[in-house]
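Dear colleague,

I am handing over the structure below, and after it you will find what I noted while going through it. Please read the notes with the coordinates open.

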Amino acid sequence: MMTFALTVSAQMQAQDDGLADLKAAMIAAKIHQVCIDTANLVVAYDYECRTQDADGKAVTDRMKLCLLVGRHCTRSFPYRKFRKEREWAEGKKQSAADFLQMNKREYMEGYDFFSDELPLLRAESFCFMPQVWTDYPEGQVTVRDAIPPSIYETQEKRKIIKWTLNDNTQTVAGYLCKTAVCQLHGRKWTVRYAEDIPTTAGPWKLCGLPGLIVEAVSDDGTHRFTLTELQHATAPIFYETNAITVKTSEEKLIKNRNKTFGNRLYPKDSHYYIANLQSVDVVYVDEGSIINGTYVSNKAHVYQPLELK
C-alpha cells in the first residue's frame, strides 16, 4: 500500500514538474517587441516556392508576406503576424504613434493563436521565410529565423546589391514596371520594380532599386514574390526577440539552415535532427507541433533554399 502511495505521489510530482517546465519554456519563448519606427506604406506579397513532397510529387508552397516601409527602416515578415499586431492594436485602440511612445509589448508566439491560424502556421513552416529588418540598426540588416528548437538572429552590415538595369517594361499587379537583374546569395533574380512608388524597399532581402519591387523571380523559377496589395497607411514597425534567441553570423546561419533542412531525411521526418525531443518544450496540435514557440509540421516538403551561400 505504501509503495502505491509513493508511486502516485511520484507521478503527481512528475506532472507538476512537467507543468513547471512547460510554463518556464513558454516564458522563455515569450516575444518582447520594441517599436523602432512607423511605417507609412504597408505592402502584401504572395510568396511561392516550387518543390516536392516526401514522395517526390510536385507541390507549390505558398504564404503571404508583409513589408512595412518606414522612414528609417523596413520589416519583411509573415502577413499573419502583421494581422495579429493590427488586431491587437485596434483592440487596444492604439495608433502607431502610441506604440512609439509606449515603445514595447509582449506576446506568446506559437502559443497565443486561434485554431484558424493553424493552416497559416503550417504554410509558413513549408516556406522557411525569415523576418528581415533592413537598416535596423542603421546601415545593418537584422534577420530572425528558426531552426527548431532554436531561434537565431544575425546582424550584418548591409550589403549593396549590384543591380543590372534594362529598358524592358511590363505591367505587374496594375503597375508599369521596369526590369532589373542581380545575384544574391548564390541565386540570380529577375525583378520588376515600379518607379511610381518612391521607395527602395522590397520583400525579404531584395531592395535597393529606384522604386518598390513589385515582382521577383529566381532564375530557375523556384521562388517568386508578387505584390498583391499596397496601402498608404501607418503601422508600428516592431523589432522582436526573446530569451531563447541565439546570436550568430549570417554565414553560419545559412550553412546551418541548408545542412539541417537540406538533409534527405528531412522530408520524411521533420524532427530527425532533434536528438532528444523530450528535452524541449513541445505542444502537439493538428498536423504538427509547437516546439519552443515555432510550428513544425509532421509532414515536410523538400527544402528549397532562398540562399545557396
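Strands β9 and β10 form a hairpin with two residues between them, and H185 in the turn has a positive phi of about 50°. The model is predicted, so that local features need pLDDT of at least 70 and side-chain atom pairs count only at pLDDT 80 or more, while totals for chains, interfaces and linings use all residues. Residues are numbered from 1 along each chain as its sequence is written, and side-chain values use heavy atoms, with hydrogens and water left out.

Strands here are DSSP runs of E of at least two residues, helices runs of H or I of at least four, numbered from the N terminus; two strands pair if DSSP finds at least two bridges between them. β9 (residues 175-184) pairs with β10 in the antiparallel sense over seven bridges, and A180 has V191 in β10 as its bridge partner. Six of the eight residues of β10 (residues 187-194) are buried, that is, under 20% relative accessible area, with exposed meaning over 50% and partly exposed in between (1.4 Å probe, protein chains only).

Most residues other than glycine have a negative phi, and most peptide bonds are trans. H185 is buried at 17% relative accessible area, whereas A173, with phi near 55°, is partly exposed at 44%. Cis peptide bonds join Y136 to P137, with omega about -15°, and P148 to P149, with omega about 10°.

Best regards
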